[in-house]
Amino acid sequence: MEKRKLNLLYIMTDHQRFDSIGKICKSTTVAPNLTVLSRESTFFTRAYDTCPLCVPARTALATGIYPTANHVVYNDWKGKTATRHATLQKILKDNGYFVGHVGVDHIRSIPRIEDSGLDFYYSQKDYAQMIESLGIPTARKKKDSVEVSELVDGKLERNQYSGTNVSEWKYPLYLFKDRCFLDKSLEFLDSCTQSNPFALFVCFWAPHPPLTVPEEYLSKFPTSDIVLPSNIGICSKNEPSSFRRGIAAQLAKSISKDEWRNVWSAHFALTNMVDEYIGVLIDKIKSLGLYDDTVIVFTSDHGDNLGQHSMYQKMEMYEEDIHVPLIIKVPGVKASKPSTVVSHLDVVPTLCDLFGLGKLDPMADGKSLIYEIESGKSRTGMESFAAYSGNPGYGDVRRAIITDRYKLIVDDACDFALFDLIDDPLEMNNIAHDSQNDEIVKKLYERCMDYHLNKNDYFEWRCYGRKMD
């Protein structure tokens, strides 16, 4: 592929599920702009993140380096585990791009995103300072919080998480976080010139809880129109007991189906709102005459259980958590929907290939997806891996391997969950302990263990008597 000086519009959301693309609630499309974009792009239908948690997922996505290898395995807000690895933002800046980053910056690397010499930078911290200066509180309200018990650095703690409460944003829409991110993004685009290619990273917050929704969107998806999945509030058969002790299961306790409909309604509303803002950004690129020279990437850091498997939020390894949308629009390339199993780790090498940016960090091991983009074809036999290690510190352990057909999840109690993603797409029947699957479990365990040990995993792999060196 010819290495042109293409621009980049790189868009992320938070908690947005894979199945939001093309989703219709009664007669209303939940994400109409992304649905159209997916039909005009390479839409990877089997994309997975590396961790169902914000900071590790975003750091791996930005660096192309797996969480256990870059050491950022939990939500390290202070950056004490950060190591020296260039982010995609820094790589592009060093290659002559006019680079802007707007929105959530939950990436922990050295140098920090804000210290990377970008041309334009506006984060959630800048937003918080602005909104608090107007007397508008940013702290999570008590009614939006749920207390859970979780393991943190070897000790049980009681911590607060966003719950399922739905409320209305009481202030002007132009002060809503994602609307401010949109306005700042438009400001960046207006400052672009034809002399240098631009790269704009827009990291929206929605549909992340707490579920505070502007009134303009709150009524768009009436609860009477919500059709819940069949496994709302239902645990999978033979599920490992550790899953019920996890944060996601605790957050879903005693939530009724009517309450889940409220949650889905609000989640759809926030997804629809941010989709509208994405449409504004794409239209802006077109109005500036830059659309035909701009690569557009869309993904989310992870999904949300929304009551399926009787779980809420992320922090587990079900498809609702780690199966993410990944759309890559390359000018002049025919649309396709490859079913190759791909990873967030593949985004950096793919874009470096597209933009001719040379060698990657030697610790990056994702695969370029140029084959899928150019040919529209799929590759079989690919694998993806994911690691969960706790939230505010080292805690519950989950490791997973995903193949064309199977997903194996390993926990720190040496229990397994094996799901046949073809015959059991809702993952309601754990077949790990069926004797006829012993060889499948052992083979996938060995592959998962070898991968993670090669990525400096601290977890002691001992389920089959083999321990970490």
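**Exercise 1. Find which element gives the most residues to the lining of the largest pocket, then describe that pocket.**

Step 1. H5 gives the most, with 5 residues. Helices here are DSSP runs (H or I, at least four residues), strands likewise (E, at least two), numbered from the N terminus. This is a predicted model: local features need pLDDT of at least 70, side-chain atom pairs count only at pLDDT 80 or more, and totals for chains, interfaces and linings use all residues. Residues are numbered from 1 along each chain as its sequence is written, and side-chain values use heavy atoms, without hydrogens and water.

Step 2. A pocket is an open set of points on a 1 Å grid over the protein atoms alone, where a 1.4 Å probe fits, with protein on both sides within 12 Å along at least five of seven lines; lining residues have an atom within 4 Å of a point.

Step 3. The lining counts 43 residues. Thr138, Lys177, Trp205, Pro209 and Pro210 lie nearest the centre.

**Exercise 2. State which residues have the most contacts inside the largest nonpolar core.**

Step 1. Such a core joins buried Ala, Val, Leu, Ile, Met, Phe, Trp, Tyr and Cys residues through side-chain atoms within 4.5 Å. Buried means under 20% relative accessible area (1.4 Å probe, protein chains only).

Step 2. The largest core has 86 residues. Leu9, Leu189, Phe198, Leu200, Phe204, Leu281 and Tyr312 have the most contacts inside it.

Step 3. Helix H10 (residues 257–287) gives the most to this core: 14 residues.

Step 4. A second, separate core has 38 residues, including Ile113 and Cys203.

Key:
Buried < 20%, exposed > 50% of the residue type's maximum accessible area, 1.4 Å probe, protein only.
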